[in-house]
Each structure stands twice: as structure tokens, then as C-alpha cells.
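Hi everyone, thanks for coming. Please have a look at the structure on the screen, and then we'll walk through a few parts of it together.

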Amino acid sequence: MEELVGLREGSSGDPVTLQELWGPCPRIRRGIRGGLEWLKKKLFRVGEDWYFLMTLGVLMALISYAMSFTVGRVAQAHKWLYQEIGEGHLLRYLSWAVYPIALVSFSSGFSQSITPSSGGSGIPELKTILSGVVLEDYLDIKNFGAKVVGLTCTLAGGSTIFLGKVGPFVHLSVMMAAYLGRLRVVTTGEPENKSKQNEMLVAGAAVGVATVFAAPFSGVLFSIEVMSSHFSVWDYWRGFFAATCGAFMFRLLAVFNSEQETITSLFKTSFRVDIPFDLPEIFFFVALGAICGVLSCAYLFCQRTFLGFVKTNPVTSKLLATSKPLYSALAALILASLTYPPGVGRFMASRLSMREHLDTLFDNNSWALMTRNSSPPWPAEPDPHNLWFEWYHPRFTIFGTLAFFLVMKFWMLILATTIPIPAGYFMPIFIFGAATGRLIGEALSLAFPEGIVAGGVTNPIVPGGYALAGAAAFSGAVTHTISTALLAFEMTGQIVHALPVLMAVLAANAIAQSFQPSFYDGTIIVKKLPYLPWIRCRKISSHRVVVEHFMNRGITTLAKDTPLEEVVKVVTSTDLAEYPLVESTESQVLLGTMRRAALVQALQAEPLSWAPGHQRCLQDVLATGCPVEPVTLLLSPETSLHQAHNLFELLNLQFLFVTSRGRAVGTVSWVELKKAISNVTNPPAPK
């Protein structure tokens, strides 16, 4: 029913609704509405992006802090239950194991019941989206609630499950950015702009990292390295502005809640500032980076192989397809049983939280030297002032517990990555790298108890510095990023180890990138997501590969002089979205493309019969107004593989025509590019 309208008495203006005429206080309401319109124009004069980016950072900081607060309270309740339940081993084991099993099962069941795309990290799928591929419902707002609840339950499982927050929170931030982007379109009244949407998504990825670690600089750089192969400088300030707002609000909330006296780094360290390391130690830092690079290659290969096995094995694949909570509960049962403190868990510091793991591993003191002449007993309960005691056991010593921790967590983390729950995998590998560096640092401090003499001055070795370098190197090698070095500095608030940490990260990346795809690219391979891989081979011979060598020559064209009967046969026998239009069957000069839907509609509108003696052709249909779209970008047969790959990545292309002197000679799509890249990276054996 249409709304009644009228005119005010004595007014010659536009008609107004009767509700406005007869509603209470019409003048006041009109004044408020006009004031809001004026405020909107003034605010958006400086650019509406500022306000939406600030809103994105503040909202994600609030969600991140609320999630951390909730997880902390649940973890405290679990700790209290374990300590107060009694001395019976059965009850203590049940209190230790049932808690994470129930949380992980609920996380898997709840998130998967709402939307299947809420599981896992989310970064591989985001890389696919930013490359131009549309994944249905992946950025839908209903996915947001499922991921928030599922991730909170996952994190509440603690160090037993040993999973993190970064990846899913990046996904959450990008979902919020997509929603705010749609809200911006509605608010400003502008038409939808895909480039504007991508700008918001890239900024959302930076906010996701910044609001987890309170690290805006590394958040932006990490999102650039991981999320996109080409980055627009125009998006740089957007990412920094949103990430800074999010990081500032995240730490400000900790001050408001009396957790901190002022805004400080997340993991405070106290490394020596005057002489943090001696010059000869650079060699050991580079060697540590090489060790982390080799370990990362082994981890990436085993993780990708095991994930593929789980997806293809008849038993596990059926279990994942029919009962994900059951698979999650079984995996959590294995992890909880192995980390039970009175069992083997005592040899890998299982009573510490993931935050306490890092706090202790970054300790300045050498545990090996402190326990060389004394043997402190393993405490019945963790000592808040000496948490490093959890890494020592009289039977194993410091080196035994650190080595056992690395061996066990290596495969336990691989198992945890197969659980279908919202979970991040960056923090676990960061801690694993810190433990690797700590082991090397403790060995060096024992080998050089007085320190290394340099320039006549002897300074003791700081194992915590090696833990910091190991954390940055291993996590950087697994993710193929350099920004983890900056992340380590922002997380700890100290930059005194800048040079050795960066050298360790570079050495680790040099090895990892030469032999294995990154963790996220490996997941893309296993999940078979539509993503264009990098050209890993940089040999001179790879630049000699040109489009002519791998293009698809079986191109279906429609000429102006093609009879309509032939056009109908082509349209009905193929399912192409668009058809190339050429000048004539003989010349094959490309003129443009015709969309299938428009061509079908034009053919249905015109009868095939015509005057006697005249055969209708495609030219007659074009004359009736069938639209022809111009082709603005083409490839030449002499275009190199690297140039074609850069074009596809930079412009998010899916398909291009190949022309020689104007003639259509072939096509190149992702299929041909992937096959060519595979042949260059892994050349086929000669016959």
C-alpha cells in the first residue's frame, strides 16, 4: 500500500508524508535530520575511509581483548579444578583431559554446524580471494560469530592443544572489513567498487595481526608478505592507520583493566643494552638460522604429507566427513594424555601456558649454568617466581627437557593442524623456534661459561637472545616471511638483537624457500584451492619459456561471416562464458568478445529463416544490437612465462587471448600457466 502524502498549509514545497505532518515535534525532527546530513557531509569531506578504518581497528581490538579475557578466565578455572580435585591420579587425569576434549569438540561441532568455512586458519583461503577468485560465503558475516565462538573454545584448551590465534583473527578482521566496506557503500551511496573492497580487505589483514600482538608495523608487513604477491602503495597508509588504531586500543584496554600500568610490549624482556652479543656470536646466530631452515623444511614436508594422508585415508576421511567432533575429540585425547603433567608432560613444561612458555624461553639467565652445581627438585606446583623450573627435571636436565619438547611438539603440532576447528598455527611454530634457539643458546653458554672473548672483553652469552632469534627464524621460514624479525622486536619491546635476528631469519628463509612451499601455500595445494603458484625456479633458462610453448591452441572463434546454423551448433555444443569474435573465417583478426548470455538471447529473438536465396550469418545478429565487448589486454606468442605470470597476478586475471599480428592464435588461462610453472620448477624426465 502506498503511503499518503500531502502539503503543509501555506507551503508550495515538495509533498511530505502524513506521518511527518502529524508526528510529534516535526520541526525538531527535521532539524535533527538536517543536522545529521550536515555532519555527514563535513565528516566525509576528509574521506570516509579514515572513519571506517578506525572503526575496524577499534572493533577488532575490542573483540581480541574480550576473547583473551574470556580465555584467561576459562584457563584459570581449569587450573583451579586440576589443583583442587585431589591427589587421585584418575580424577586429576580426567580433570586435565576432559576439559580440552569438551572444548575442542564443541568448537568443531558448533563452528562446522553453522558454516564449514569457519574451520582452520583462514589465511590460505584469503590469499585465494585476494588473487581474484570468488569463494562463496567465505566472507559472510554469519561466519563471523561461528569463528569467534569456535576460536575462543580452541584457545581455552591452552597449551594442551597448542594452537594459536593469529590466522583465524586475520580471517575475522577481513570479514569485518568486508562488512564495513558494504556499509560504506550504503552510507555514501556510491556504486560497488572492487578495488575499494580489496583495499579494505588488505587493511583488515594487517589489523588482524596488529590486534593479536599489539604490533602495527609487523602486522602491515606480514599481511603484505603473506596475503598478496603485489601490493599497492596506496593501501600502505590504510593498513598502518587501521593497525595502529587496533594495536593502541588493544593495549589501552589492558591499562583500563589494571593489567598494566601503562602501554607496554606484550612480552617484556630485559636483554643487555650496552653489549647484547659479541661479534663472534654472529656466526652462531647464522648457524641457528640454518638449523631452523632445515627443521622448517622437515616440518613443512611432514605436515603437508600427513594432512594429505588424513584427507585421503578411508577411515579418517570418512570420520572427518561424517563426525568432525569425534575426530577432534580423539585428537584432543591423544594430546591431553601426552601432556598430562605426572606423566611425560613433566618433561615438556606442559603446566605452562603458551604465554608462559615464551616468557621463560626469553629469560636472560643460563639455566644450564644455574643447574650445573645444584639440582633443584621438580616442584609439585609451578612457582610463579621461578617458572623456568618447569623446564628442568633431575632425570633429564635442561637439555633433555628442551630436546624432548622439540621432538614431541614436532609431531603433536602436525596432528593438531588436522583438527577441523578455528585455530591459528603461527604462535605454536614461534614457540617451537624459541625452544630451538634456547637449546642452542644453553649449549653455547655451557661450552663458553665465561663468555666469548672479543677485543679483550668477555661478556656472558645470553640464551634468551638465541631463543628470540630462533623464534623469528623458524616462524619466518615456515611462513616464508622476513617480517617475523620485526614482530619479535615489537613483541618484546627491545631491538638490541636486530642484526643477528635478521641474519638468522634470512638464512632460514634462504633454505626453506629453496626446497618447500610455505605453510599457507602447502595448505592451498592440499585443499586444491584455485591459486596461482609462484615461479620458484629463477634459472636463466626459465626466462626462455614463452607463451607459444604452453598456450592452448584449440581456440573456438566466431566470425562475422559464420552462418547462424553454425553459430547455434557452437553455442549448444560448448559452455564457454564468452566467445571471441573475429573479422572473418579466413583472416581470424580478433575484434572483441561476445558474452554467451547476450548471444543466446539475440539468437532466440531472431528467427533463423530469411528471404529466399539469402543465408543469414552472425553479422545480421550483430546488426540488431548484440553487444561486442572490446579486448583491452592481449598476450603475444613471444611473451615470456614470467611476464605472463606477473600480469595474471598483478591484475587478478583468469584468462587472456593470444594474438599474432592481430590474429587470434590461442588462449592462456590458469590451467596452462600452472602446467608451465610445474614443468619449469620440476622438469619432466627426458624420454
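Let's begin where V582 stands opposite L590 in β7. V582 belongs to strand β6, residues 578–582, and β6 pairs with β7 in the antiparallel sense over five bridges. By pairing I mean that DSSP finds at least two bridges between two strands. Helices (H or I, at least four residues) and strands (E, at least two) are DSSP runs, numbered from the N terminus.

Before we go on, this is a predicted model, where local features need pLDDT of at least 70, side-chain atom pairs count only at pLDDT 80 or more, and totals for chains, interfaces and linings use all residues. Residues are numbered from 1 along each chain as its sequence is written, and side-chain values use heavy atoms, with hydrogens and water left out.

Now, what is the strand order in this open sheet? The order is β5-β6-β7, with mixed pairing. β5 (558–559) and β7 (590–595) stand at the edges with a single partner strand each, so one side of each has no neighbour in the sheet. Helix α24, residues 596–605, packs on the sheet and touches β5, β6 and β7; contact here means heavy atoms within 4.5 Å. The direction of α24 makes about 80° with that of β7.

There is another open sheet of three strands, in the order β8-β9-β10, also with mixed pairing. Here β8 (634–635) and β10 (663–669) are at the edges, each with a single partner strand, so one side of each is left without a neighbour in the sheet. β8 and β9 (residues 655–660) run parallel and are joined by two bridges, and L634 stands opposite F657 in β9.

On to a helix pair. Helix α11 (residues 281–312) packs against helix α20 (residues 498–515) at an angle of about 30°, with axes 7 Å apart. Axes are lines fitted to C-alpha atoms, for helices over the stretch in contact, and angles run from 0 to 180 degrees between N-to-C directions. That makes α11 roughly parallel to α20, a label for angles under 35 degrees. The contact includes F285 and G289 of α11, and M503 and A507 of α20.

Last stop, a charge over a ring: NZ of Lys or CZ of Arg within 6 Å of the ring centre and within 35 degrees of the ring normal. R92 lies over the face of Y82, 4.1 Å from the ring centre, and K409 lies over the face of F162, at 4.2 Å.

Note on methods:
Parallel < 35°, antiparallel > 145°, perpendicular 65-115°, else oblique.
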